[in-house]
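Reader: I'd like a close look at one part of this model, the place where its chains meet and the packing around it. Could you walk me through what you see there?

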Amino acid sequence: MSDDQEMRSMMKSELVELMARKQNHLAYKDVELAVKSLLEQMSEALATGDRIEIRGFGSFSLHFRPPRAGRNPKTGDSVSLPGKYVPHFKPGKELRERVNNSLHSSE
Amino acid sequence: MALTKADMAERLFDELGLNKREAKELVELFFEEVREALESAYNVKLSGFGNFTLRDKTQRPGRNPKTGEEIPICARRVVTFRPGQKLKQRVEAYAGSQQ
């Protein structure tokens with residue numbers, strides 16, 4: 001069981017900001033370009049059917065969704081939906097443990 | 001073939017002209033910052049790629065599959081990933097060998 005939590009969010013720009021502060025020999029712009037490149041590389045890998053494996057963080061792979069019969073919600077006509085791939089993330093051990101420990105330490 | 005941190009650093013070196021050490025550090029730092037944000041109870045939203053979302057699971061009854069003994073599964077916090085629209089579309093277009 002899970003319910004939607006009231007969690008704060010961190011956006012890409014804030015992440016870049018934090019990284020730039022820790023790498024003060026690099027210009028903000030360089031860190032921004034680097035993060036953009038990392039996300040593009042990851043998207044590209046998945047878009048060409050490759051996995052991504054980051055030790056301590058997790059792995060990304062594709063899961064196949066088989067074809068199924070769907071329905072046009074407007075007309076009620078049945079349509080056949082083709083099979084497709086969807087990205088899937090499996091958190092690594094370190095990430096799982098750190099996130100779970102943070103729940104228990106904040107209580 | 002899987003994409004790794006080493007591959008990513010190599011490309012930062014090629015594309016952005018960072019030196020190899022800087023490239024390696026930035027890749028490391030990126031994933032560490034995401035972990036730290038999640039650990040500090042922030043969801044992480046990377047537009048164009050996807051969102052890492054935290055979910056708190058309540059305790060539920062479980063069972064040891066070997067012995068059949070009942071043991072509760074403790075409350076836990078887990079990370080889920082929801083791919084963004086753009087990534088979903090790019091991946092959907094992939095016609096792999098499985099088809």
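Author: Ala41(B) is buried, because its relative accessible area of 17% falls under the 20% cut-off. You'll find Ala41(B) in the loop between H2 and strand S2 (42–46) of chain B. Its phi is near 70 degrees, a positive value in a residue other than glycine. Bear in mind that this is a predicted model, so take all of what follows as computed from a prediction.

As a general point, nonpolar side chains in soluble globular proteins tend to be buried together.

Phe52(B) is worth a stop. Leaving aside neighbours within four places in sequence, Phe52(B) is in contact with Phe57(A), Phe60(A) and Phe89(A) from chain A. On the chain B side, its contacts include Val34(B), Leu38(B), Asn43(B), Val44(B) and Leu46(B), along with Val79(B), Thr80(B) and Phe81(B).

Now for the interface as a whole. 62 residues of chain A are in contact with 58 residues of chain B. Between them the two chains bury about 6,000 Å², with 63% of it on carbon and sulfur atoms. There's a polar side to the story too: 18 residue pairs are in polar contact between chain A and chain B. H2(A) provides 16 residues of the side of chain A that touches chain B, the largest share. Sorted by type, the residues on that side of chain A come to 32 nonpolar, 15 polar and 15 charged.

Charged pairs get their own count, with 8 salt bridges found across the interface of chain A and chain B. One of the salt bridges pairs the side chains of Arg98(A) and Glu32(B), at 2.9 Å from N to O. Among the elements of chain A that give two or more residues to the side touching chain B are strand S3 (58–65), strand S6 (84–91) and helix H3 (93–105).

Strand S3 of chain A is also where Ser61(A) lies. Ser61(A) counts as buried, because its relative accessible area is 13%, again under 20%. Not counting residues up to four places away in sequence, Ser61(A) touches Leu46(A), Arg51(A), Val86(A), Pro87(A) and His88(A).

Methods: Residues are numbered from 1 along each chain as its sequence is written. Chains are lettered from A and ligands numbered from 1 in the order in which they are written. This is a predicted model: local features need pLDDT of at least 70, side-chain atom pairs count only at pLDDT 80 or more; totals for chains, interfaces and linings use all residues. Side-chain values use heavy atoms; hydrogens and water are left out. Contact means heavy atoms within 4.5 Å. Buried area is the accessible area (1.4 Å probe) that two parts lose on being put together, summed over both. A salt bridge is a side-chain nitrogen of Lys or Arg within 4 Å of a carboxyl oxygen of Asp or Glu. A polar contact is a pair of N or O atoms within 3.5 Å; within protein, one must be able to donate a hydrogen and the other to accept it, and residues adjacent in sequence count only if both atoms are side-chain atoms. Helices (H or I, at least four residues) and strands (E, at least two) are DSSP runs, numbered from the N terminus. Ala, Val, Leu, Ile, Met, Phe, Trp, Tyr, Cys and Pro count as nonpolar, Asp, Glu, Lys and Arg as charged, and the others, Gly among them, as polar. Buried means under 20% relative accessible area, exposed over 50%, partly exposed in between (1.4 Å probe, protein chains only).
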